[in-house]
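Please read these notes with the sequence and the model side by side. Each point takes up one residue or one region.

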Amino acid sequence: RSTWRGVVEEYRDRLPVTPDTPVVTLLEGATPLVPAAELSARTGCEVWLKVEGANPTGSFKDRGMTVAMSVAVGEGAKAVICASTGNTSASAAAYAARAGIRSAVLVPQGKIATGKLAQAVIHGATILQVTDGGFDECLVLARELSDRYPVALVNSVNPVRLHGQKTAAFEIVESLGDAPDIHCLPVGNAGNVSAYWMGYTEDVAAGNATRRPRMWGFQAAGAAPLVSGRPVPHPETIASAIRIGNPASWALAVAARDDSGGVVEAVTDDEILRAQRLLADREGVFVEPASAAGVAGLLAKSGRGELDPGQRVVCTVTGHGLKDPQWAVRDGVEPVAVPVDAVAAAAALGLA
Ligand code: F0G
């Protein structure tokens with residue numbers, strides 16, 4: 001839509017905002033829902049990709065951040081804080097810049113992708129690198145700081161974040177005319193799976209959808225507390241965005257899984273990287289590793305015969321590949337050197 005006004009204005013009556021809430025927006029939302037021919041062929045299902053990397057800062061976090069920042073500014077906040085594996089900090093920094101207030105981000109040292117760190121830097125966030133903990137410890141610290149000092153917490157433990165993120169489900173229902181049969185997505189702190197479930201549930205209540213999908217969440221095998229049923233003290237995965245051992249929205253995610261008749265399962269780093277490669281190579285969609293976990297899980301379940309063909313499946317791919325390019329080039333880059341000479345270039349291309 002050429003007149004798209006961003007998540008808050010488009011869904012104002014379905015969000016926890018008032019007519020007086022100032023709107024801090026980068027016109028996030030309205031992301032592409034792309035048919036996935038290769039995934040459809042491989043699974044016998046009708047698979048769609050909700051490409052959240054197309055948001056202004058390159059991840060789904062912008063949907064929640066526009067609402068969280070608008071509400072915070074409306075309440076007079078002069079500074080916001082968050083813990084992050086990278087994307088939340090990038091989004092918080094950008095929206096705080098937009099609002100003209102300060103942002104501080106708490107990230108695990110050496111564990112966030114360079115592109116995300118660059119975003120926090122260029123948008124002027126104060127960056128605190130926690131030396132002796134991961135995301136989970138960063139979140140404990142962020143909560144304590146927001147309890148004790150005048151700084152607003154914009155992590156997804158702030159419920160308005162999830163309300164913003166639920167709008168992706170609204171968009172999917174608008175595009176498809178109803179909810180899909182299955183919704184696949186990566187799970188880290190477990191906010192997004194909870195937000196989608198809220199969105200689908202509200203859509204049924206509002207009469208926009210006739211049913212809700214089964215929610216299929218996928219965690220990285222080294223960081224899969226919802227699969228094992230207990231916190232993981234030292235989570236490890238190359239998918240740094242979901243390197244989380246004690247998700248804040250644990251109970252909400254379990255409810256989404258169980259109420260939907262869905263699953264939360266683990267995928268290996270290798271499966272994640274293969275799904276990332278497939279998405280780029282065959283669907284033309286470049287996502288960061290964590291974002292491929294939902295697709296990796298879909299393919300794994302299909303391969304095990306746990307996916308009935310003929311179903312409509314939406315996979316949310318949560319963040320842009322350019323945020324964390326090291327995995328794309330991990331095998332090295334070997335361009336063929338050629339002079340400015342068509343014959344030589346054609347020979348190198350096998351055309352002559
Ligand atoms: N995919 C990406 C690209 C993410 O950045 C995240 C979370 C997730 C999936 C998982 O979503 O936490 O709602 O279950 N990133 C957070 C951050 C933790 O700090 O940027 P979730």
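1. Glu-283 touches Pro-35, Ala-36, Ala-37, Glu-38, Leu-39, Leu-49 and Leu-278, leaving out residues up to four places away in sequence. Contact here means heavy atoms within 4.5 Å. The model is a predicted one, in which local features need pLDDT of at least 70 and side-chain atom pairs count only at pLDDT 80 or more, while totals for chains, interfaces and linings use all residues. Residues are numbered from 1 along each chain as its sequence is written, and side-chain values use heavy atoms, with hydrogens and water left out.

2. Glu-283 belongs to helix H12, residues 269-283. Helices (H or I, at least four residues) and strands (E, at least two) are DSSP runs, numbered from the N terminus. With a relative accessible area of 17%, Glu-283 is buried. Buried means under 20% relative accessible area, exposed over 50%, and partly exposed in between (1.4 Å probe, protein chains only).

3. Which backbone nitrogen does the side chain of Glu-283 reach at 2.9 Å? That atom belongs to Glu-38. The backbone nitrogen of Ala-37 lies 3.2 Å from a polar atom of the Glu-283 side chain.

4. Ser-40 is in helix H2, residues 37-43. Its relative accessibility is 18%, so Ser-40 counts as buried. Beyond its neighbours within four places in sequence, Ser-40 is in contact with Cys-45, Glu-46 and Val-47.

5. The UniProt annotation "binding site", from an unreviewed entry, covers Asn-87, Gly-188, Asn-189, Ala-190, Gly-191, Asn-192 and Thr-318. Although these residues are spread over 232 residues of sequence, they cluster in space, and the largest C-alpha distance is 14.3 Å. The lining of the largest cavity takes in Asn-87, Gly-188, Asn-189, Ala-190, Gly-191, Asn-192 and Thr-318 from this set. On a 1 Å grid over the protein atoms alone, a cavity is a set of points where a 1.4 Å probe fits but cannot get out; a pocket is an open set with protein on both sides within 12 Å along at least five of seven lines; lining residues have an atom within 4 Å of a point. UniProt positions are given in the numbering used here, feature names are shortened, and annotations may be inferred rather than shown by experiment.

6. Gly-188 sits in the loop between strand E7 (182-186) and helix H9 (191-205). Gly-188 counts as buried because its relative accessibility is 8%. Away from its sequence neighbours up to four places off, Gly-188 touches Gln-219, Ile-242, Ile-244 and Pro-247.

7. Asn-192 lies in helix H9 and is buried, with a relative accessible area of 8%. Its contacts, leaving aside neighbours within four places in sequence, are Phe-60, Gln-165, Leu-185 and Thr-318. The side chains of Asn-192 and Gln-165 make a polar contact (2.9 Å). A polar contact is a pair of N or O atoms within 3.5 Å; within protein, one must be able to donate a hydrogen and the other to accept it, and residues adjacent in sequence count only if both atoms are side-chain atoms.

8. How many residues of helix H13 (residues 293-303) are buried? The count is 9 of its 11 residues, and the helix is mostly covered. Among the buried ones are Val-295, Leu-298 and Lys-301. Just after H13, Gly-305 takes a positive phi of about 75°.

9. The largest pocket is lined by 16 residues, and Gly-134, Glu-137, Pro-233, His-234 and Pro-235 lie nearest its centre.
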